[in-house]
Amino acid sequence: MCRNIRTLHNYEPHATSAEIHAAALQYVRKVSGSTKPSKANEEAFERAVHEIAHVTQHLLDSLVTHAPAKDRDEEAAKAKARSAVRFGTA
């Protein structure tokens with residue numbers, strides 16, 4: 001699993017197109033094994049990122065939940081606290 005791909009569903013405010021694109025880019029990088037494609041593969045790489053972002057947006061629009069939406073700042077603070085416990089504070 002790509003560590004840089006974050007959960008995008010059930011947050012308030014909703015995921016932005018930039019967040020969805022970033023997740024798609026991380027996915028394509030992981031699957032292709034390349035952070036920057038060669039000129040020969042650049043078009044296929046970019047097309048894959050675009051298509052995955054598009055499908056991801058449709059997925060997020062289609063998902064339903066009865067759970068209350070999570071707050072991004074609150075979740076970030078929790079992650080920071082877990083990181084401090086795990087790695088210690090600098």
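**Figure 1. Asparagine 10 in the segment before strand S1**. Asparagine 10 is buried, with a relative accessible area of 16%; buried denotes under 20% relative accessible area, exposed over 50%, and partly exposed the range in between (1.4 Å probe, protein chains only). The phi angle of asparagine 10 is near 65 degrees, a positive value in a residue other than glycine. The structure is a predicted model, in which local features need pLDDT of at least 70, side-chain atom pairs count only at pLDDT 80 or more, and totals for chains, interfaces and linings use all residues. Residues are numbered from 1 along each chain as its sequence is written, and side-chain values use heavy atoms, with hydrogens and water left out.

**Figure 2. The cis peptide bond from glutamate 12 to proline 13**. Omega of this bond is near 0 degrees. Proline 13 is located in the loop between S1 and H1. Helices (H or I, at least four residues) and strands (E, at least two) are DSSP runs, numbered from the N terminus.

**Figure 3. Isoleucine 5 and its contacts**. Isoleucine 5 belongs to the segment before strand S1 (11–12) and is partly exposed, at a relative accessible area of 21%. When neighbours within four places in sequence are set aside, isoleucine 5 is in contact with Ala23, Gln26 and Tyr27, contact being defined as heavy atoms within 4.5 Å. Isoleucine 5 and alanine 22 are separated by 17 residues in sequence and by 7.9 Å in space, C-alpha to C-alpha.

**Figure 4. Arginine 6 in the segment before S1**. Arginine 6 counts as exposed, at 57% relative accessibility. Its C-alpha atom is 16 Å from that of valine 31, a residue 25 places away along the chain.

Figure 5. The buried residues of H1 are Ile20, Ala23, Ala24, Leu25, Gln26 and Val28. An α-helix has 3.6 residues a turn, so residues three or four places apart point the same way. The buried residues of H1 pack against helix H2 (42–62). Just after H1, glycine 33 adopts a positive phi of about 75 degrees.

**Figure 6. The protein chain as the setting of the close-up views.** Three helices and two strands make up the secondary structure of the protein chain, in the sequence order β-α-α-β-α. The radius of gyration of the chain is 16 Å, well over the 12 Å that the globule rule gives for 90 residues, so the chain is more spread out than a compact globule; this radius is taken over C-alpha atoms, and the rule is 2.2 Å times the number of residues to the power 0.38. The C-alpha trace spans about 45 × 40 × 20 Å along its principal axes. Of the 90 residues, 18% are buried. Among contacts between residues at least 6 apart in sequence, 68% join residues at least 24 apart. The accessible surface comes to about 7300 Å², with 56% belonging to carbon and sulfur atoms, as computed by the Shrake-Rupley method with a 1.4 Å probe.
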